[in-house]
Amino acid sequence: MRDVYDGTTVLVTGANRGVGAAFADALVELGAKKVYAAARDPETVRSRGVTPVRLDVTDRDQAAALAERLSDVTMVINNAGIHRRASLFDEGVVDVVDSVLRTNLVGTLTVSAAFAPRLVENGGGIIANMLSAGSWLAGPGNLAYAVSKAAALSLTNNMRAELGPRGVQVTAIHAGFIDTDMMAAFPGRKLSPREVAAHALSAIASGAQEVLIDDMSRAAKAASAEPVPPFAAA
Ligand SMILES: NC(=O)c1ccc[n+]([C@@H]2O[C@H](COP(=O)([O-])OP(=O)(O)OC[C@H]3O[C@@H](n4cnc5c(N)ncnc54)[C@H](OP(=O)(O)O)[C@@H]3O)[C@@H](O)[C@H]2O)c1
């Protein structure tokens with residue numbers, strides 16, 4: 001795996017904490033040529049051996065300027081994301097869904113659209129999108145997040161259709177619960193961010209275009225092929 005990453009210059013979004021910081025640390029350990037750790041506030045980046053850069057993924061001008069400046073990038077990990085509870089019966093549901101989509105879907109598109117021409121110019125590369133078992137799950141309160149990840153999965157598949165023939169591997173990473181700030185309130189068993197990053201980077205290095213990190217994501221994907229259950233009012 002080291003061989004795949006040692007000549008790679010990587011941009012990781014949301015790299016100041018959680019899964020993004022674990023990706024940045026793992027890439028440094030794997031000998032990546034350069035790791036740009038992007039964060040809304042670069043002063044909060046704690047990883048050693050990285051180059052902190054400022055990026056709010058919802059800011060198109062900032063993403064475009066960064067892609068112009070970081071012309072050596074050959075791999076992008078779209079990791080930045082948010083989770084907000086939202087139910088159809090909440091007064092502010094539309095605003096919540098709008099803001100989650102703006103980060104998880106449009107933010108991923110913004111960064112990918114800014115950097116894809118760079119990757120193609122540099123002879124090809126990799127874009128990996130941090131999705132979720134939630135891409136295939138529906139449940140009360142999970143409306144905003146699930147919609148955003150399902151849409152980001154479609155975005156990923158459509159990006160692959162355009163970028164694959166241009167030499168860019170586009171990989172979707174799906175995982176269940178991970179032990180980060182995002183899931184701090186969830187009391188059950190969680191994956192460590194470190195194991196998620198290691199598993200994902202190993203699969204990406206072997207050319208995988210879809211990574212199902214755990215049983216939860218494998219079960220969620222399998223269940224999506226089941227028929228929709230019949231209507232039954234409670
Ligand atoms: N935790 C889980 O159970 C789980 C499971 C599956 C997938 N995921 C996905 O994994 C990714 C990372 O999540 P996490 O668990 O590490 O969450 P986290 O600990 O809450 O970290 C989220 C990261 O995203 C950044 N971010 C949020 N909005 C941003 C924006 N507009 N521009 C730039 N950065 C932004 C945050 O930066 P700030 O510090 O500035 O807020 C932070 O670095 C997300 O895409 C998430 O959906 C998480």
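Helix α2 passes helix α6 in a right-handed crossing, a crossing being right-handed if the near helix is turned clockwise from the far one by less than a right angle, and left-handed if anticlockwise. The model is predicted, so local features need pLDDT of at least 70 and side-chain atom pairs count only at pLDDT 80 or more, while totals for chains, interfaces and linings use all residues. Residues are numbered from 1 along each chain as its sequence is written, and side-chain values use heavy atoms, with hydrogens and water left out.

Two packed helices are described by the angle between their axes and the distance between the axes. For α2 (residues 18-29) and α6 (residues 193-205), the angle is about 55 degrees and the axes are 8 Å apart. Helices here are DSSP runs (H or I, at least four residues) numbered from the N terminus; axes are lines fitted to C-alpha atoms over the stretch in contact, and angles run from 0 to 180 degrees between N-to-C directions. The two helices are therefore oblique to each other; angles under 35 degrees count as roughly parallel, over 145 as roughly antiparallel, 65 to 115 as roughly perpendicular and the rest as oblique. In the contact (heavy atoms within 4.5 Å), residues of α2 including Val 19, Phe 23 and Leu 27 meet residues of α6 including Val 196, Ala 197 and Leu 201. By class, this contact of α2 with α6 has ten nonpolar, one polar and two charged residues, where Ala, Val, Leu, Ile, Met, Phe, Trp, Tyr, Cys and Pro count as nonpolar, Asp, Glu, Lys and Arg as charged, and the others, Gly among them, as polar.

Helix α4 takes part in two further pairs. With its axis 9 Å from that of α5 (residues 143-163), α4 (residues 93-121) packs at an angle of about 20 degrees, and the two are therefore roughly parallel to each other. Their crossing is right-handed. Among the residues that meet are Val 93, Leu 101 and Val 120 in α4, and Tyr 145, Leu 155 and Leu 163 in α5. The contact of α4 with α5 has 18 nonpolar, four polar and one charged residues.

The axes of α3 (residues 60-69) and α4 come within 9 Å and cross at roughly 20 degrees, which makes α3 roughly parallel to α4. The contact includes Arg 60 and Glu 68 of α3 and Phe 115 and Arg 118 of α4. Its residues divide into six nonpolar, one polar and three charged.

Which residues come nearest to the ligand? Of the 28 residues around the ligand (a heavy atom within 4 Å), these are Asn 16, Arg 40, Tyr 145, Ile 178 and Thr 180. An N or O atom in the side chain of Arg 40 is 2.7 Å from a ligand oxygen atom.

Definitions and conventions. Polar contact = N/O pair within 3.5 Å; in protein donor to acceptor, adjacent residues only side chain to side chain.
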